[in-house]
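Here are my notes for you to read alongside the model. Have a look at the picture before you start on the points.

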Amino acid sequence: MRATDLSELAAFDAVARHRSFRKAAEERGVTASAISHAVSNLEERVGLRLLNRTTRSVSLTDAGTMLQAQLTPAFGEIGSALDALNRFRDTPFGKVRINVPNSIAPFILGRVMGPLIRNNPNLQLEISATDRLVDIVEEGFDAGIRLGESLREGMVAVKVKPRLRFAVVGAPDYFRERTIPQTPHELKDHVCVQNMYPSGVRYAWEFERRGEAVAFHPTGPVALDDQELMVQVALSGVALAYVWENRAQREIIDGRLIRCLDEWCPPEDWFYLYYPSRRNISAGLRAVIEAMRV
């Protein structure tokens, strides 16, 4: 097989996974026009249309679906073979792509990136911080970070530090005419920000004390999927917010926010760095794991 043949197949595989020429180009480190040219050459060479293209979407033809199904395990084997070479290299080298929820990225990765880069000059970290639920295999990541409860089967999971917890916060102005809630049940008498995922699905404020668990579903006038905005709403004095303790710590210390229900907010379950079990661990990913693990 010629090198150009393999390059064209890799370009098609990237477009098929992302359903986007732009995202495929970003993954491959080339221009979108180069990806389009490679796919067109492949289609011309095999004499079949593999992708349906419109100005707004990309989809697979039946032939394209069959080809991608064959390519996925093949490229997986090639990747594993290349990863296996890292056994012969002591120094971490090359790119490591990690997906992490945006809301926790500064607290989980902030303290480790500097030492990692400083101690491993040949390592290239590529961090994608998004609260969108991501399939790390389909989107070409080496590893991801999630709570243990949301991990897929077939993944190797390594517990990472620190352990985080939530905090309910409100501004002094908010409490001038309201009492500070002493139990989660009293939140029904307060204005509370609704927390939601990027998909739009709301999630409950969860509390637990001495074996009693309470899930509170806010019905406040604003729903947000961004912790920065939640803190800003709380600072404005119009509502309470339920955010990561680390995110509001500075404002709590400064007295700009008052913390409520502290004893009802135990540490969350551990976060895990996870990766496909079939992969050989590269020296780069191994360095990341060792820097983060508990």
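1. Let's start with charge. The protein chain has 37 positive and 37 negative charges, and their mean positions are 3 Å apart. Keep in mind as you read on that this is a predicted model.

2. Now the overall layout. Along the principal axes, the C-alpha atoms of the protein chain fill a box of roughly 75 × 45 × 30 Å. If you go through the secondary structure of the chain, you'll find eight helices and 15 strands.

3. What about surface and interior? The protein chain exposes about 15900 Å², and 51% of that comes from carbon and sulfur atoms. Of its 294 residues, 44% count as buried.

4. Next, contacts along the chain. Take the contacts in the protein chain with a separation of 6 or more: 73% of them are between residues 24 or more positions apart.

5. Let's zoom in on one residue, asparagine 99. You'll find asparagine 99 in strand S3, which covers residues 94-100. Is asparagine 99 buried or exposed? Its relative accessible area is 3%, so asparagine 99 is buried, given that the cut-off for buried is under 20%.

6. Which residues does asparagine 99 touch, leaving out those up to four places away in sequence? The list is Ser128, Thr130, Val134, Ile136, Phe141, Ala143, Gly144 and Ile145.

Terms used:
Residues numbered from 1 in each chain as written. Predicted model: local features only at pLDDT ≥ 70, side-chain atom pairs only at ≥ 80, totals over all residues. Heavy atoms only, no water. Helix = DSSP H or I, 4+ residues; strand = E, 2+ residues; numbered from the N terminus. Buried < 20%, exposed > 50% of the residue type's maximum accessible area, 1.4 Å probe, protein only. Contact = heavy atoms within 4.5 Å. Areas by Shrake-Rupley, 256 points an atom, 1.4 Å probe, with all protein chains shown as cover. Lys, Arg positive; Asp, Glu negative; His and termini not counted. Charge placed at Lys NZ, Arg CZ, Asp CG, Glu CD.
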